[in-house]
Amino acid sequence: QVQLVESGGGLVQPGGSLRLSCLVSGRPARAFTMGWFRRHPGKDREFVAAIKWMGVDTFHADSVKGRFTISRDNAKNTVYLQMNFLKPEDTATYYCAAAGTTAPVTYYYTEDRYDYWGQGTQVNVSY
């Protein structure tokens with residue numbers, strides 16, 4: 001049974017930084033392409049970033065490009081989302097997802113490309 005557990009969310013002021021973590025258990029993290037999504041209150045979940053299993057190929061949504069960085073440490077079965085220069089509009093619940101398929105990293109920009117999901121971690125950007 002594959003499980004994904006996110007951590008690292010919280011309250012941060014605009015312009016601040018947070019690093020989210022996603023711990024993968026049940027199978028080695030290197031078996032998966034990993035992604036981060038987020039859901040703003042009352043809206044659909046949206047793509048944030050994805051990373052292939054070796055950690056070289058990454059893909060970020062335009063809304064976060066240059067501010068957020070996805071990375072992974074397969075030895076720790078963990079994927080990260082470093083979030084810098086946070087804005088109030090980044091306030092959302094952030095979800096980690098895992099895909100067991102193999103395709104170019106740009107393929108993984110929609111929810112239906114993923115097989116497993118975490119429960120989410122809340123990020124609030126406010127004074």
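**Notes on the core, strands and loops of this predicted model**

1. Let's start in a loop: N77 is found between β7 and β8. As this is a predicted model, please take what follows as a reading of computed coordinates. The phi angle of N77 is near 55 degrees, a positive value in a residue that is not glycine. N77 counts as partly exposed because its relative accessibility is 23%, and the band for that label begins where buried ends, with buried meaning under 20%.

2. Is F85 buried or exposed? With a relative accessible area of 55%, F85 is exposed, since the cut-off for that word is over 50%.

3. Moving inside, the largest nonpolar core has 37 residues, and the members that touch the most others are M34, W36, L81, M83 and Y94. Two or more residues come from each of β3 (18–25), β4 (33–39), β5, β7 (68–73), β8 (78–83), β9 (92–99) and β11 (121–125). The biggest contribution is that of β9, which gives 6 residues.

4. Setting aside neighbours within four places in sequence, its contacts include W36, L81 and M83. Y94 is also in contact with E6, L20, F37, R38, V48, F68, G120, T121 and V123.

5. Strand β2 (residues 10–12) runs parallel to β11 and is joined to it by 3 bridges; V12 has V125 as its bridge partner in β11. With β9 the arrangement is antiparallel, and 3 bridges join β9 to β11. On that side, T93 stands opposite Q122 of β11.

6. Finally, back to the surface. W53, M54 and V56 make a nonpolar patch of about 370 Å². V56 sits in the loop between β5 (45–51) and β6 (58–60). Why does V56 count as exposed? Its relative accessibility is 64%, and exposed means over 50%.

Methods. Residues are numbered from 1 along each chain as its sequence is written. This is a predicted model: local features need pLDDT of at least 70, side-chain atom pairs count only at pLDDT 80 or more; totals for chains, interfaces and linings use all residues. Side-chain values use heavy atoms; hydrogens and water are left out. Patches are made of residues with over 30% relative accessible area and no salt bridge: like charges are joined within 9 Å, nonpolar side chains (Val, Leu, Ile, Met, Phe, Trp, Tyr) within 5 Å. Accessible areas come from the Shrake-Rupley method with a 1.4 Å probe; for residues, only the protein chains shown count as cover. A salt bridge is a side-chain nitrogen of Lys or Arg within 4 Å of a carboxyl oxygen of Asp or Glu. Helices (H or I, at least four residues) and strands (E, at least two) are DSSP runs, numbered from the N terminus. Buried means under 20% relative accessible area, exposed over 50%, partly exposed in between (1.4 Å probe, protein chains only). A nonpolar core is a set of buried Ala, Val, Leu, Ile, Met, Phe, Trp, Tyr and Cys residues joined through side-chain atoms within 4.5 Å. Contact means heavy atoms within 4.5 Å. Two strands pair if DSSP finds at least two bridges between them.
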